[in-house]
Amino acid sequence: MPPIVLKNATMMTSSGFRRAEMLIDGPYIAKIDTYVSAAGAHEIDCKGNLVLPGLIDAHVHFRQPGMEQKATIYSESRAAALGGVTSYMEMPNTNPPTTTAEALQQKKDIAQRDSLVNYGFYLGASENNLEEIKKIDPHAIAGIKIYMGSTTGNLLLDDDHELMQVFKAAPTIVAVHCEDNGIVNANMRRAREQYGEHIPFDMHPIIRSRDCCVKSSQLAIAVAQATNARLHIMHLSTKEEVALVAQFAPKNAANTTLEEIHQRQISAEVCIPHLYFNDSNYAQLKGYLKCNPAVKYEFDRLALVQGLRKGVITTIGTDHAPHEKALKVLTDYVKVPSGLPSVQFSLPAIFELFKRGEFSLEEGIKAATCNVAARFGVDKRGSLQEGYFADVIVVDPRDRHTVHDDDIVSLCKWSPFVGESFRCRITHSIVSGNLVVSDGAICAEGGHGKALYFNP
């Protein structure tokens, strides 16, 4: 492929926004300067547009292998490219679950063939794979994922002794889903007693309550402290959890360096649905908004926004988790599976929250790019720097549009964002030096993504 030159750009570099041009040669950013050129280069005029580092989503469920009726690495990586996400880290609750080196390699082989964007995978912790965890190469995985609340397959791990053993053995960062099953089950029994088979969807944040999240997060932190493990609590959803994590954040956390972010013992993520929606949206979206942990209340959402602005929350992900549309439109709350697709609207949602004044664009982009790379030790990605991999997106900040059903690229063909109006569009996505989205449309097939390399 010929070199790519981005002309007339307003570019977000490590030193902030500046007018600059970029030369991409092979998989790397070769030069950033006020003017660049190269013989035979493919030039992209970025006048009026923003050039940003490609987003790194540390929290997706692409469902393959075993649930290809919901999604595949091929389909969802295309949705990612359109959403400004050039790298992802995929969760282990597939079928079979990713609890062995062999299962991990199976996913990597599929991604090498099919993924349009860069890829990494978690090794899941189970009741019987402690030896696999001990011997895994930490450079080859995003982290060890622990489900302390309900999940698919045999990945639930809520025994205190087993948790302690996994935290001790983990050779890299431990990413945890924090919900307490005992509290959830008790709340479900009460909901059934009150509503029978007609539980309303706005009971979801009551059934999967704030107490179930806070208690589980407290336990995860206690185990991390006892074992000296590096902990990243995934998808915070409550005001109390933000306050809990804030106790372990450095002073003036919003201005900490990337190296300090990497070295933090305890950190947390917020996901797009919890930043964007609140309990008032259940009336319209119903099962389309059902995810775990539940989207909760406006004061929780505002606390998450403030936690992000203050640097208490270090990363933004999506928890992209598609299900068949036929299941999500069921009226029986209990039968509707939890999870929603959002990776295609990651950057547009962040940009919309910026336009609403919730946080600065730089704060939002950093939490979805360089902060993720720093926390997980992703090598040479997450920033626009010479010598880094060319994971770059071009964004038109003037293109206001409303999301329609026909826009959905995810295999499930639905989204809670249908009907939402966004004030930007990704015009180009470049993945490891390969142009995969041009003029807002996919222009390449799978196989362009590269495996992420991690420095734990």
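Is Val372 buried or exposed? Val372 counts as buried, at 1% relative accessibility; buried means under 20% relative accessible area, exposed over 50% and partly exposed in between, with a 1.4 Å probe and protein chains only.

## Basis

This is a predicted model, in which local features need pLDDT of at least 70 and side-chain atom pairs count only at pLDDT 80 or more, while totals for chains, interfaces and linings use all residues. Residues are numbered from 1 along each chain as its sequence is written, and side-chain values use heavy atoms, with hydrogens and water left out.

## Val372

Val372 is found in helix α16 (residues 370-376). Helices (H or I, at least four residues) and strands (E, at least two) are DSSP runs numbered from the N terminus. Leaving aside neighbours within four places in sequence, Val372 is in contact (heavy atoms within 4.5 Å) with residues including Ile56, Met89, Thr315 and Val378. His262 is 110 residues from Val372 in sequence, and the two are 9.0 Å apart in space, C-alpha to C-alpha.

## Lys107

Helix α2 (residues 101-114) holds Lys107, which is buried with a relative accessible area of 0%. A polar atom of the Lys107 side chain lies 2.8 Å from the backbone oxygen of Met91. Beyond its neighbours within four places in sequence, Lys107 also has contacts with other residues, among them Gln64, Glu90, Pro92 and Phe121.

## Helix α4

Leu163, Val166, Phe167 and Ala169 are buried in helix α4 (residues 160-169). The buried residues of α4 pack against α3 (130-135), β10 (144-147), β11 (174-177), α7 (210-227) and β12 (231-233). The N-terminal end of α4 is capped by Asp159, with a side-chain oxygen 3.1 Å from the backbone nitrogen of His161.

## Helices α8 and α12

Helix α8 (residues 239-246) packs with helix α12 (residues 298-309) at an angle of about 25°, their axes being 8 Å apart. Axes are lines fitted to C-alpha atoms, for helices over the stretch in contact, and angles run from 0 to 180 degrees between N-to-C directions. α8 is therefore roughly parallel to α12; angles under 35 degrees count as roughly parallel, over 145 as roughly antiparallel, 65 to 115 as roughly perpendicular and the rest as oblique. Lys239, Glu240 and Val242 of α8 make the contact with Phe299, Asp300, Ala303, Leu304 and Gly307 of α12.

## Strands β1 and β2

Strands β1 (residues 4-13) and β2 (residues 16-25) run antiparallel and are joined by eight bridges; two strands pair if DSSP finds at least two bridges between them. Ile4 has Ile24 in β2 as its bridge partner. Two residues lie between β1 and β2 in their hairpin.

Definitions and conventions
A polar contact is a pair of N or O atoms within 3.5 Å; within protein, one must be able to donate a hydrogen and the other to accept it, and residues adjacent in sequence count only if both atoms are side-chain atoms.
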